[in-house]
Amino acid sequence: MTIGGYDTNDFVGNLTWFDVSATESWNLTGSVLAVADVMNLNPNATDFEIEVQAGYPYIGLPTFSFTSLTELMSETLNPDNTANFYCNDNGQYGGRSQCYWKSTYCSNVITNDYALDLTIGDNTFSIPIKNLLGDSMVNSRHDCDLYVGQLYNLFENSIRIGDPFISAFLPVFDVENN
């Protein structure tokens, strides 16, 4: 995946280029947001705006998508660990919810090898759900963080892709030629 321009001498392999020169920011249009063939996270069945934000620590989802994904992760895939699943909903994280399993190692969270699929143009990018989990320590307690956040300040037809998405692929940011 490249955002902006690129030099074909800098990379060997398949490149997917997205022209963002017509916009003032790195915004793209997506058509599919799903967990494999298990769950459609785009309830409107219409294209949606994707805000690319390098440095943003999560994949930000609108309320419906966020709720559907967290229910899948906590109630469907990990019903024995639902009591340890928490979502902060106090604006502490910039007005968004962020979820985690308290006193749980990520290796104990069941993902069924599902992937979060995002289609941009003719290309579908898949990130294994297990790659959206990260072990953390809070006051000597091991937690498993889910790097997906709920965005309250975006329209219901927008998502924000940050580090979990960007680090799953090899992005090339060519601001000079953009």
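Q: Is I127 buried or exposed in this predicted model?
A: This is a predicted model. I127 lies in strand β10, residues 123-128. The cut-off for buried is under 20% relative accessible area. I127 has 1% relative accessibility, so this residue counts as buried.

Q: Which residues are in contact with T124, leaving aside its neighbours within four places in sequence?
A: V32 is 92 residues from T124 in sequence and 8.2 Å from T124 in space, C-alpha to C-alpha. The contacts of T124 beyond its sequence neighbours are D117, L118 and T119.

Q: What share of the chain's contacts with a separation of 6 or more comes from residues 24 or more positions apart?
A: The chain has two helices and 14 strands. Of its 178 residues, 45% count as buried. Among contacts with a separation of 6 or more, residues 24 or more positions apart account for 66%.

Q: Which residues are buried in α1?
A: Helix α1 covers residues 63-76, 14 residues in total. Its first and last C-alpha atoms are 18 Å apart, close to the 20 Å expected at 1.5 Å a residue. Its buried residues are S65, F66, S68, L69, T70, L72, M73 and S74.

Q: How is the lining of the largest cavity divided by class?
A: Rolling a probe the size of a water molecule over the atoms shows where empty space is left. The count comes to one cavity of 30 Å³ or more, and about 50 Å³ of space lies in the largest cavity. Its lining is L33, L41, N42, P43, F48, P62, S65, E156, N157, S158 and I159. By class, that gives six nonpolar, four polar and one charged.

Q: Where is S103, a residue other than glycine with a positive phi?
A: Phi of S103 is near 55°. S103 is placed in the loop between β8 (96-101) and β9 (115-120).

Q: Is D113 buried or exposed?
A: D113 is in the loop between β8 and β9. Phi of D113 is near 55°, a positive value in a residue other than glycine. Exposed means over 50% relative accessible area. D113 has 66%, so D113 is exposed.

Q: Which residues is K102 in contact with, leaving aside its neighbours within four places in sequence?
A: K102 is in the loop between β8 and β9. With a relative accessible area of 29%, K102 is partly exposed. V138 is 36 residues from K102 in sequence and 9.2 Å from K102 in space, C-alpha to C-alpha. The contacts of K102 are N84, Y86, R141, H142 and D143.

Terms used
Residues numbered from 1 in each chain as written. Predicted model: local features only at pLDDT ≥ 70, side-chain atom pairs only at ≥ 80, totals over all residues. Heavy atoms only, no water. Helix = DSSP H or I, 4+ residues; strand = E, 2+ residues; numbered from the N terminus. Buried < 20%, exposed > 50% of the residue type's maximum accessible area, 1.4 Å probe, protein only. Contact = heavy atoms within 4.5 Å. Expected span 1.5 Å × (residues − 1). 1 Å grid on protein atoms, 1.4 Å probe; cavity = no way out; pocket = protein on both sides within 12 Å on 5 of 7 lines; lining within 4 Å. Points joined across faces, edges and corners; volume = space filled by probe spheres on them. Nonpolar A, V, L, I, M, F, W, Y, C, P; charged D, E, K, R; others polar.
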